[in-house]
Amino acid sequence: MKVDYIIVGSGLAGISFCEQLRAHDKSFIVFDDQSQQSSVVAGGLYNPVILKRFTPVWKSKEQLQIALQMYRNLEQEFHVILDYKIPVLRKFTSHEEQNNWFAASDKPHLSEYLSTKLIKNTNVCIEAPFGFGEVLQTGRIDVKNLIDTYKMYLLQNKIFFKEEFNFKALQIHLDILEYNDIQAQYIVFSEGYGVHENPFFKELPLIPTKGELLTIHAPELNIDYVLKGPVFLIPLGQDLYLVGATYNWDETTNDITIKGKVELLTKLRTIITCPFDVVNHVAGIRPTVKDRRPLVGQHNVHKNMFVLNGLGTRGVMIGPYVAQQLYNFIEFGLPLEHEIDIKRFQ
Ligand SMILES: Cc1cc2nc3c(=O)[nH]c(=O)nc-3n(C[C@H](O)[C@H](O)[C@H](O)COP(=O)(O)OP(=O)(O)OC[C@H]3O[C@@H](n4cnc5c(N)ncnc54)[C@H](O)[C@@H]3O)c2cc1C
């Protein structure tokens with residue numbers, strides 16, 4: 001079999017790159033062993049503002065434009081709903097925070113994202129005496145549905161191998177790569193935290209950041225917006241809500257923990273007062289980087305080998321953006337932005 005590309009990993013990074021390949025009529029095959037599940041468990045929120053400091057996300061406008069177009073295209077092609085437009089309300093904890101919000105909403109890159117209206121809380125289940133500020137242009141991508149749908153498409157087209165990529169079987173020549181009976185021009189590794197076992201890119205400074213999320217059933221809560229307090233509360237419909245997430249730098253397994261659950265429930269109880277049941281609990285490892293920029297680029301020896309990783313806490317928005325950058329770099333020789341290029345660490 002001859003293809004243009006081999007892709008290793010079909011999380012948000014891998015799928016975003018595959019979408020570039022499909023858009024340009026390139027042939028490819030995908031390997032995924034399901035060892036990582038950051039994308040599968042992700043809350044799926046996209047939000048152009050860092051809500052701790054009220055600052056804009058890096059390249060928020062460009063990221064949103066490219067990402068939302070990609071999800072729209074997928075919705076149309078696969079007849080699924082992926083993008084749920086939903087406002088994010090940031091709970092204020094003091095008058096000082098309200099003032100900081102309104103000061104930030106005046107700034108050039110934030111005015112389009114931060115509403116200047118103070119929203120009062122009218123929900124008896126929610127503790128929010130200082131009210132909320134609304135973030136605009138936000139939403140939730142149903143990432144699990146995206147991944148399931150995409151895998152189905154890949155399987156139907158016989159271009160998906162549900163198996164671990166065997167690095168020892170890869171033969172690297174100057175102009176071609178051989179892997180068992182497959183010949184490819186290029187290979188792109190998008191393995192999330194799995195990259196730590198990749199002999200070609202394992203030196204990259206990727207930091208595993210474990211995250212846990214709960215799903216609760218809360219029939220009296222009745223909110224139709226994402227509530228951001230000490231945790232996010234994300235409505236899924238049918239009185240179900242995602243509660244998350246934790247940040248843990250000491251663990252690298254996908255196992256759920258009592259500690260994670262207790263942390264989330266403790267924080268949740270500072271926001272809502274109504275009864276609820278926990279109906280699900282998941283965990284995954286975010287591929288994060290100290291400078292909070294992705295890891296994108298070319299192997300320094302093998303010029304037909306590339307990496308697309310480090311999507312961190314915001315894979316929904318940044319994945320499609322960096323996938324386009326990588327594609328343009330490989331196929332059109334356009335330089336990568338220095339901030340995302342792995343060369344910054346060499
Ligand atoms: C709890 C939690 C909540 C989150 N919430 C949000 C959110 O609301 N919004 C947001 O934007 N982001 C969120 N994120 C972050 C987001 O999920 C990540 O940025 C994104 O999933 C990273 O995608 P990825 O494709 O790089 O990695 P992964 O999703 O980890 O995908 C890598 C894939 O590669 C495969 N793989 C690895 N090694 C091999 C191998 N050797 N052979 C074959 N296959 C291999 C894995 O099985 C996996 O499928 C959250 C993350 C977590 C953990």
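These legends walk through several close-up views of a predicted model.

**View 1. An edge-to-face pair joins Phe31 and Phe165.** Across the structure there are 24 aromatic pairs. In the one shown here, phenylalanine 31 and phenylalanine 165 have ring centres 5.5 Å apart, with 80° between the planes. This pair links distant parts of the chain, as its members are 134 residues apart. Look for phenylalanine 31 in strand β2 (residues 28-31), and for phenylalanine 165 in the loop between β11 (160-161) and β12 (170-172). Both phenylalanine 31 and phenylalanine 165 are buried.

**View 2. Phe165 also pairs with Phe189.** The centres of these two rings lie 5.9 Å apart and their planes meet at 75°, so this pair is edge-to-face. Here too, distant parts of the chain are linked: phenylalanine 165 belongs to the loop between β11 and β12, while phenylalanine 189 is in strand β14 (residues 182-189), 24 residues away. Phenylalanine 165 has a relative accessibility of 4%, so it counts as buried. Phenylalanine 189 is buried as well, with a relative accessible area of 0%.

**View 3. Ring pairs build an aromatic cluster.** If you step from ring to ring, you can trace Phe31, Phe161, Phe165, Phe167, Tyr179, Phe189, Phe200 and Phe201, which are linked into a cluster by their ring pairs.

**View 4. Two charged side chains sit over aromatic rings.** Lysine 228 places its charged end over the ring of phenylalanine 232, at 5.0 Å from the ring centre. Arginine 286 has its charged end over the ring of tyrosine 247, and there the distance to the centre is 3.9 Å.

**View 5. The shell around the ligand holds 36 residues.** Those that come nearest are Asp32, Ser35, Ser39, Leu45 and Gly312. Two or more residues are given to this shell by each of α1 (12-23), α2 (38-41), β15 (206-217), β19 (277-289) and α7 (315-332). Strand β19 gives the most, with three residues. Sorted by class, the shell has 11 nonpolar, 18 polar and seven charged residues.

Technical notes:
Residues numbered from 1 in each chain as written. Predicted model: local features only at pLDDT ≥ 70, side-chain atom pairs only at ≥ 80, totals over all residues. Heavy atoms only, no water. Phe/Tyr/Trp six-rings, centres within 6.5 Å; stacked < 30°, edge-to-face > 60°. Helix = DSSP H or I, 4+ residues; strand = E, 2+ residues; numbered from the N terminus. Buried < 20%, exposed > 50% of the residue type's maximum accessible area, 1.4 Å probe, protein only. Lys NZ or Arg CZ within 6 Å of the ring centre and 35° of its normal. Near = heavy atom within 4 Å. Nonpolar A, V, L, I, M, F, W, Y, C, P; charged D, E, K, R; others polar.
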